[in-house]
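Let's look together at how charged side chains pair up in a protein model. Have the sequence and the 3D view ready as you read.

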Amino acid sequence: MAESWLKEQAQAQGWAKATRLEGRPTKQGLVAVAVDSAGRHGSMVEVNCETDFVARNKSFQAMVEGVAAACLKYIEGAPTSTISPFTKMHLDADQLKQLPSVGGSTLADEVALTINNIGENVVLRRAVGLKTKASESDGLFLTGYVHPTPSQTNSPVAIPLLGRYGSLVMLKGGADRQKEEIFGKQLCQHIVGMNPLKIGSEEDKPAKDPDDEKVLILQEYLLDPSTTVGPLLTSNSVSILDFVRYECGEETLQDTENIVAEAVN
Amino acid sequence: MDVVSRVALYGPWKTRYSCFRSWFCRSKDISSAKNVRNFRTSSNLQYIFVDRKCTIFKLCFNVCRGREFCTAEEVRHCNVGTIGHIDHGKTTLTAAITKVLEKEGLAKFISYDEIDRAPEEKARGITINATHVEYSTKLRHYAHTDCPGHADYIKNMISGASQMDGAVIVVAADDGPMPQTREHLLLAKQVGVEKVVVFINKADVVNEDVIELVEIEMRELLSGFGFDGVETPVVVGSALLALKGDSSPLGEQSIKSLLNALDEHIPKPTRDTKSPFLLPVDNAFTVPGRGTVVTGTLTRGILRKNAEGELLGFDEHIKTSVADVQIFKKSVSKAVAGDNLGALLRGVRITSVQKGMLFCESKSVSISNHFIANVYFLSRSEGGRSKPIMSRYIQQLFSKTWNIPCRIDLMEGNEMIMPGENVCVYLTLLKKMVMLPGQSFTIRENNVTVGTGIISEVKSSVEVMKSNLSKVKLF
């Protein structure tokens, strides 16, 4: 009894503090990536806080891991698209707040508790989920990557990875899954490092300065600058269907639209 | 304030700054005034920057027997930073310090808004997100830094914008230490701060039992991070009361005891005269009939006539001894740390001496081409790279008066470095040089600075075959 009363008290305090701190700027934070061990479902979330001291704190990190796990659970239960070979879902801050947490409450409750604990504004900013169809015969798989690389590199894939940059890539491979997964990780690293804006097709012309190239298949490959990504995909008999890249604190298209909308009003 | 040296300058007030500058260059024997910048603040303090080191003088203007003159006294200087949770009153405390000291004419009051509003400052091309506030106690001059985040502090330290000598940990009495206070203390350790002072703020809103609890918690935390939890001064007060002009023990008096704690607890930088001597060679020339003379400023130790020593750098290792020591063109029997001197070396040819070499006591330092360093890579917006840095990155490294090709390799677990990040890396130089822990350097690519760093550890040399850095096997 006493324990549940204490929990309720903490929750109420958390909400009070969260309301008070709402609206304070949050530029720091973490990006978390979670992919299930079969590579069929994956999620990536960004949670912001005010200072990077908090981002380095264990209790905040645990909360972000919880958010990524909750998103992964949500995407696993979400309906699958019947037209496209895979499903992609973007979640904004309001949708994220409503998601049930692993502990049974909502993510908004979890955030309020964290705010009460660390005394800084914390914001669930955005999330994305990718899922493939239930059957595994299509050769589709997901890989994820975060930077800076977490210290425990040998952890099972299902545990979320935390960092300042993250990427999720949907690939279609052939036979050798193990080799392709390693290649997939390297592609994710390339995407984090080189920041391509789109995959591109054969019609795309290379940019004048190779340093400014924003089309993925025309970019110099990060781990071997003597080749570009396109031929490398062919030689590995892998095709890339979709990718998402998050950088903690970056301005999104949505933000810019909001600013423009405000300016117009 | 402690006075290091004093000078009286005569002449019209208009020309006194140029007088002062030329006196300074003469007294420190700085031949080229190129790197010397001086400017004055409203509180009659004259700052002189030579390379990146700052010397501060206090100016007094007088009229004596109808002649105008000005005296300048070099003052002791100390850098402190405030660390603490965002809501615990760091900025209010900084404002309160300037307010209290303004009454004694030792600072200019800077309001809360002014401190908060100036978060960005450009220093040497790297954006330093820090607010600098200055004030003096009776003992010395302080530069007070407030950085918003961990990465900013580290950047500050690596780029040498301000080296923290001590830190004030601010904690609010009503909240107590926060989970991230651990990260704050960890940071202080990381940037090399040895002494801290704790300020328990907002003491007016809680009762004494709570304050005691907070103090005990803080002392335990400090001991846990290797600070002296017993001896560290803990000052209890309220910055807000002090700012309002309240003269109670929690108000202005608490600020005064905090400043006293800073004066007493944070160590004075001392010139190291006990260690083996070290002389970075600024220049070398031949005196006809006598031999080769190297000049430079003795960074540590005492250099005596007839001392045995070694000339190190650029793969060279020359044993020699000192035939004569001269300061200001006068022969002396010894020179101490801080002196600018010329040393006549026995049996050394001018062709084997290069600018950037180091003259030191035999076997006191080692020469190597392999180091561990902490490097900050500039972000794209600061003029750095847009692409990440991978292992086997080879560019020119600049340090002190020399430069040399250098290869950078990432530590295990780091797959790449994004611009704007700081990280520990391995450095491998084309030739063996002396680089001591704490020595700073920059990495330049196509004449653009892409990184700046400091040495943290000297490793044993690795073999460079045929001057090819890319083929060196490190592991």
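What follows is a short tour of salt bridges.

## Before we start

This is a predicted model, in which local features need pLDDT of at least 70 and side-chain atom pairs count only at pLDDT 80 or more, while totals for chains, interfaces and linings use all residues. Residues are numbered from 1 along each chain as its sequence is written, chains are lettered from A and ligands numbered from 1 in the order in which they are written, and side-chain values use heavy atoms, leaving out hydrogens and water.

A salt bridge here is a side-chain nitrogen of Lys or Arg within 4 Å of a carboxyl oxygen of Asp or Glu. Counted this way, there are 18 salt bridges over all chains.

## Chain A

R245(A) and E247(A) form a salt bridge, with their closest N and O atoms 3.4 Å apart. R245(A) is buried at 12% relative accessibility, and E247(A) is partly exposed at 25% (buried means under 20% relative accessible area, exposed over 50%, partly exposed in between, using a 1.4 Å probe and protein chains only).

## Chain B

E215(B) and R219(B) meet in a salt bridge of 3.1 Å, N to O. They sit four residues apart in helix α6 (residues 208-224) of chain B, so about one helical turn separates them (helices are DSSP runs of H or I, at least four residues, and strands are runs of E, at least two, numbered from the N terminus).

R385(B) pairs with E445(B) at 3.0 Å, N to O, in another salt bridge. Because R385(B) lies in the loop between β24 (368-377) and β25 (393-399) and E445(B) in strand β28 (residues 440-445), the pair ties together parts of chain B that are 60 residues apart in sequence. Both R385(B) and E445(B) are buried.
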